[in-house]
Amino acid sequence: MNPSQLNSKHYDAVVIGAGFAGLYMLHRLRLLGLRSHLFEAGDGVGGTWYWNCYPGARCDVDSMQYSYSWSPELQKEWQWTERYPAQAEILRYINHVADRFELRRDITLSTRVTAGQWQAEQERWLVRTEQGQEVSAQFLITATGCLSESRLPDIEGLDRFKGQVYHTGRWPKAPVDFSGLRVGVMGTGSSGIQVIPQLAKQAKQLYVFQRTPNFSVPAWNGPIDPNHQKDWLDNYPKYRAMARNTRSAIMYDYGKQSALDMSEQERAEEMERRWQKGGTNFAHSFNDTFTNRQSNELLSEFVRGKIRKMVNDPTVAEDLLPRDHAIGTKRICVDTGYYPTYNLPHVKLVNLRQTPIERFDEGAAIVNGQRHELDAMVFATGFDAVTGALERLNIVGEHGKTFKQLWKAGPTSYLGLMTVGFPNLFTITGPGSPSILTNVIVSIEQHVEWIANCLTFMQKHSHTRIDAQQIAQDRWVKHVQEVASGTLFVTANSWYMGANIPGKPRVFLPYIGGFSTYAAMCEDVVQKGYEGFDFSRKSQALSP
Ligand code: NA7
């Protein structure tokens, strides 16, 4: 996995990030005959699945759906082993893709892009890396991910703490042994809920510092059903097309009725049936889970009932009941043995709802005056989602401003694909696109294909520059917020709303209008001659 050497200082396109988005983009750029290069901060490909290698890390989308659809051969030859793919298996898959399509020769690993500058005269992006390399590119494409900018909370004394400190989103590559240690873990989102049962297997004592309880549904993970795998392998094109035609870009069993239109018994049976199936699909039990508070509350209360049954100590069970948000408005979690972990004698839930961790000292976390002695602390405290990684890139647009400077009141983008003032810069799964509300690989593919088709159009018409129009962007930003405001999502303090980052503006970050609707809108824009975009031509056209 040696980083490839830069073979030029000038490219047609530079891609940032070697996750699912960046790798496919690089592949498509090559097919267009463009001289392209990809920079990746990690020392391997895989993006999210490279960094999040903590014990228990697993995708919550069905294996057969969580893969690329753009190569029939790749699709046929890869065999998954479990219902939900573990991080290591996804990383093997993505490495296989990098090898199979010989992508590595155009990828420089261990190289973080730290700055970008639009050069108006040349109409090119100047890109700088941490190591001081500089390259220029006509097109700059960010594939930096929605959940890649991990964050540690700002707690007094953490820098003095002498124990080991980890973040789930930056887990070390070498295995960590927690045997015999007193371990603290903060964060009970998807990552926390996955890592906690694993830490409990090793640690001598485990303290879970919980601020907000979450709703979690069993994964019922296990070896993949061979008949299910065969059915998908035989019918991939049909199933992929069906998934693309849905709201979440996932073949879910979407509830067709409101909870309120069912009898109590029908409702109970339906929820139980879905619970026994497990997975995120549970959130779609009713067709109005996300829009009707009463309906949502019925589903929420069903899960609370399950938690009460799984946790022996009623006080601990009570502390684990989510009450501050409607189910699904924070990403629903999927677990293996999470709640019963609290029945183990060496696992203690520390409720931070009233009192946060006051401070750390050399050997303990102090809550409400009480010391919790620790040898290691694991933070599963999430990410500066959707905008964090883009803002960190420090890219200066035509107007002399960075995304961070521009987005003080919330991100601005047209279709989540481009931002005014950043010509020839595309953001794969950018803010205001469905991205992480969907099977993100499908959203990635849709963006990559849209961008590739746009570049083909530009080649054909000898356009050298593309810009989003201000009026189109303004309309889109408004539309994104309007659609979100019709749902319960805006009522939760979630990372979708930027609420997990102190000082981050409260706006809904992805587009919740549904994948199929969004994809149709993007296509419509193309049909109308790239409505909302401006093209122009400089003296020298894009190389063929
Ligand atoms: P999440 O879902 O953002 O969860 C982060 C957790 O960390 C959540 O429980 C937070 O509580 C908690 N947290 C964050 N800061 C603090 C402080 N200062 N004190 C106490 N607790 C804190 O991140 P994940 O990595 O679990 O999952 C991210 C996504 O990855 C997930 O949604 C899937 O899509 C995959 P809070 O709720 O803010 O009170």
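**A sheet and a helix pair**

Guide: Three strands form an open sheet in the order S13-S14-S15, with antiparallel pairing. This is a predicted model, where local features need pLDDT of at least 70, side-chain atom pairs count only at pLDDT 80 or more, and totals for chains, interfaces and linings use all residues. Residues are numbered from 1 along each chain as its sequence is written, and side-chain values use heavy atoms, with hydrogens and water left out.

Visitor: Why do S13 and S15 stand at the edges?

Guide: Each has a single partner strand, so one side of each is left without a neighbour in the sheet.

Visitor: How do you know that S14 and S15 pair?

Guide: Two strands pair if DSSP finds at least two bridges between them. Four bridges join S14 (residues 364-367) to S15 (residues 370-373), so they pair. Ile-366 stands opposite Arg-371 in S15.

Visitor: What joins S13 to S14?

Guide: Three bridges join them, and the strands run antiparallel. Ile-357 has Val-367 in S14 as its bridge partner.

Visitor: Why is H12 called roughly parallel to H14?

Guide: Angles under 35 degrees count as roughly parallel, over 145 as roughly antiparallel, 65 to 115 as roughly perpendicular and the rest as oblique. Helix H12 (residues 440-460) and helix H14 (residues 515-527) pack at about 0°, with axes 11 Å apart. That makes H12 roughly parallel to H14.

Visitor: Which residues make the contact?

Guide: Contact means heavy atoms within 4.5 Å. Among the residues are His-447 and Trp-450 of H12, and Phe-515 and Tyr-518 of H14.

Note on methods. Axes are lines fitted to C-alpha atoms, for helices over the stretch in contact, and angles run from 0 to 180 degrees between N-to-C directions. Helices (H or I, at least four residues) and strands (E, at least two) are DSSP runs, numbered from the N terminus.
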